[in-house]
Amino acid sequence: MMLINFAGKNLQDHDFSGQNLTGADFIKADIRGANFTNAILRKFMTVTFRNITSILLDIEGTTTPVSYVFGVLFPFARQHLETFLATHALDPDVQADLYKLSQEFAQEQSLGLDPWSPSDPRSAIPYLLALMDCDRKSTGLKSLQGKIWDQGYQSGSLQSQVFADVPHALEVWHQGGKRVFIFSSGSVQAQVLIFRHSQEGDLTPWIHGYFDTQVGAKRVTKSYQTIVAELGETPSQVLFVSDVVEELQAAQTAGLQTCFSLRPGNATTNPQGFPWVEHFDQIQLL
């Protein structure tokens, strides 16, 4: 069950999305007409979720600014792709990524690219760049990007960004006995790197585990069923937070509790009826 709390008033299962909330009546505890300013609403709002034992978090647009992913990480991978393949193409784990990508390429119909051979890693570059251009959630691509980013973090060229409220929330949830997990289209390696090398320090001690597209796509209900089964939880005991409505819909269908992340710079600001927060401090777990 979810409660929305405004300045001490619990409004159970009330959907305020799309309403024009103006005025200071609520501060006087007069909630008739629900006519308040959005600024007042957001200042006093918390969203309470009951019986939660685990929190499952998206990364891009939820814990980490979209601008860091698209403005720093993706360009870095693109810039260093050719050099990385020239140096590491024969590494077994890189070969495994290239094999997955060759299997994907064999099914490709839409990009109109010339065939490439896994035996010549350089011939894969046009396909990899095309996947990056369309932000394809390819498991092989995401794994390869994670390896390139690892070198960037290790050299000090990269330092990840998280929203200011994230470290405190992770610590509070952890100390409160809640387990925190990450589910992202980026590889598990890439996820760990983001939280290990953040501008706020190493946040990995507060995180219990990570899931990537090996469990399935993020907009598919079965992916969340798989995660819940691995966690050993009842679906309703897991709270999933994301900035993508289609992901929330899939998780909700799987029985998870859900919350929309409304962060600066996100492409979508309409929660479409899902409870929403602008920062993690607004999430109360009972």
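## A charge over a ring

Over the ring of which residue does the charged end of K218 sit? In this predicted model, the charged end of K218 sits over the ring of F183, 5.6 Å from its centre. There is another arrangement of this kind to look at: R263 lies over the face of F280, and the distance to the ring centre is 4.8 Å.

F183, for its part, returns in the section on ring pairs.

## The six-stranded sheet

Let us turn to the sheet. Six strands form an open sheet in the order β6-β5-β4-β7-β8-β9, and the pairing is parallel. The edges are taken by β6 (209–211) and β9 (276–277); each has a single partner strand, so one side of each has no neighbour in the sheet. Within the sheet, β7 and β8 are joined by four bridges in the parallel sense, and F240 stands opposite T258 in β8.

Two helices pack on this sheet. Helix α8 touches β4 (54–57), β5 (179–183), β6 and β7, and its direction makes about 150° with that of β5. Helix α9 touches β7 and β8, with an angle of about 175° between its direction and that of β8.

## Helix α9 and E247

Helix α9 covers residues 245–253, and its buried residues are V245, E247, L248, A250 and A251. Just after α9, G255 takes a positive phi of about 100°.

E247 is worth a visit of its own. This residue of helix α9 has a relative accessibility of 7%, so E247 counts as buried.

## Ring pairs

How many aromatic pairs does the structure hold? There are seven. In one of them, the rings of F181 and F211 have centres 6.2 Å apart and planes at 45°, so this pair is tilted. F181 belongs to strand β5 and F211 to strand β6, 30 residues apart, and the pair links distant parts of the chain. Both F181 and F211 are buried.

The pair of F183 and Y224 is edge-to-face, because the planes stand at 80°, with the ring centres 5.4 Å apart. This pair too links distant parts of the chain: F183 is in strand β5 and Y224 in helix α8, 41 residues apart. F183 and Y224 are both buried. Elsewhere, ring pairs link F70, F74 and W149 into a cluster.

In soluble globular proteins, nonpolar side chains tend to be buried together. Here the largest nonpolar core has 77 residues, and those with the most contacts inside it are L56, W149 and W173. Helix α2 (residues 66–88) gives the largest share of this core, nine residues.

What does L56 touch, not counting residues up to four places away in sequence? Its contacts are F181, I182, F183, F211, Y224, I227, V238, L239, F240, V241 and L256. Among them are both members of the tilted pair, F181 and F211, and both members of the edge-to-face pair, F183 and Y224.

Is strand β3 mostly covered or mostly uncovered? β3 is mostly covered, with five of its five residues buried. The cover extends to both faces: M45, V47 and F49 are buried on one side, T46 and T48 on the other. β3 pairs with strand β10 (residues 283–285) over three bridges in the parallel sense, and V47 stands opposite I283 in β10.

Most residues other than glycine have a negative phi. N51 is not a glycine, yet its phi is positive, about 65°. N51 is placed in the loop between β3 (45–49) and β4 and is exposed, with a relative accessible area of 57%. Q272, another residue other than glycine, has a positive phi near 50°; Q272 lies in the loop between β8 and β9.

Conventions:
Residues numbered from 1 in each chain as written. Predicted model: local features only at pLDDT ≥ 70, side-chain atom pairs only at ≥ 80, totals over all residues. Heavy atoms only, no water. Buried < 20%, exposed > 50% of the residue type's maximum accessible area, 1.4 Å probe, protein only. Pairing = 2+ DSSP bridges. Contact = heavy atoms within 4.5 Å. Axes fitted to C-alpha atoms, helices over the stretch in contact; angles between N-to-C directions. Phe/Tyr/Trp six-rings, centres within 6.5 Å; stacked < 30°, edge-to-face > 60°. Lys NZ or Arg CZ within 6 Å of the ring centre and 35° of its normal. Core = buried A, V, L, I, M, F, W, Y, C linked by side-chain atoms within 4.5 Å.
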